[in-house]
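Work through the exercises below with the sequence and the model open. Each task is followed by a solution in steps.

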Amino acid sequence: MPTIYLHAMVRELAGRSEIGCDIDRPSPLEEVLRSNLTERELFLIVDETGAIRKHLNIFSDAMKIRSLDETIGADSKIDIFPAVSGG
């Protein structure tokens, strides 16, 4: 089963840092998120157009995820971070 880890401000806004997922097969990221997050948590990650919010970085097993269509493995670790910038 995949596990979603929320980091930094995403964790604070969601009120939890780790979410065990109830999926036992490779699945699109969108299905994993919609099946395991509350509506409020999903709103933190997906914008009104149905895309990953631009200020977030999502990694599955240390590989950058760029689309909700990408397949997540049955035992993947999913990390969601706010983007960091500076100068």
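Two residues are in contact when heavy atoms of theirs lie within 4.5 Å. The model used here is predicted.

**Exercise 1.** Among contacts between residues at least 6 apart in sequence, find what share joins residues at least 24 apart.

Solution. Keep the contacts whose residues are at least 6 apart in sequence. Of these, 48% join residues at least 24 apart.

**Exercise 2.** List the secondary structure of the chain in order.

Solution. Start with the count: the chain has seven strands and three helices. Then read along the sequence, which gives β-α-β-β-α-α-β-β-β-β.

**Exercise 3.** Decide why the radius of gyration of the chain agrees or disagrees with that of a compact globule.

Solution. For 87 residues, a compact globule would have a radius of gyration near 12 Å. The chain has 12 Å, so the two agree. As for extent, the C-alpha trace spans about 40 × 25 × 25 Å along its principal axes.

**Exercise 4.** Locate the largest nonpolar core and the surroundings of L33.

Solution. Buried means under 20% relative accessible area, and 39% of the 87 residues are buried. The largest nonpolar core has 23 residues, and I4, L29, L33, I45 and I80 have the most contacts inside it. Two or more residues of this core come from each of β1 (3-6), α1 (8-14), α2 (29-36), α3 (39-45), β4 (56-60) and β7 (77-82). Now take L33: leaving aside neighbours within four places in sequence, L33 is in contact with I4, L42, I45, V46, L68 and I80. In soluble globular proteins, nonpolar side chains tend to be buried together.

Methods
Residues are numbered from 1 along each chain as its sequence is written. This is a predicted model: local features need pLDDT of at least 70, side-chain atom pairs count only at pLDDT 80 or more; totals for chains, interfaces and linings use all residues. Side-chain values use heavy atoms; hydrogens and water are left out. Helices (H or I, at least four residues) and strands (E, at least two) are DSSP runs, numbered from the N terminus. The radius of gyration is taken over C-alpha atoms; the globule rule is 2.2 Å times the number of residues to the power 0.38. Buried means under 20% relative accessible area, exposed over 50%, partly exposed in between (1.4 Å probe, protein chains only). A nonpolar core is a set of buried Ala, Val, Leu, Ile, Met, Phe, Trp, Tyr and Cys residues joined through side-chain atoms within 4.5 Å.
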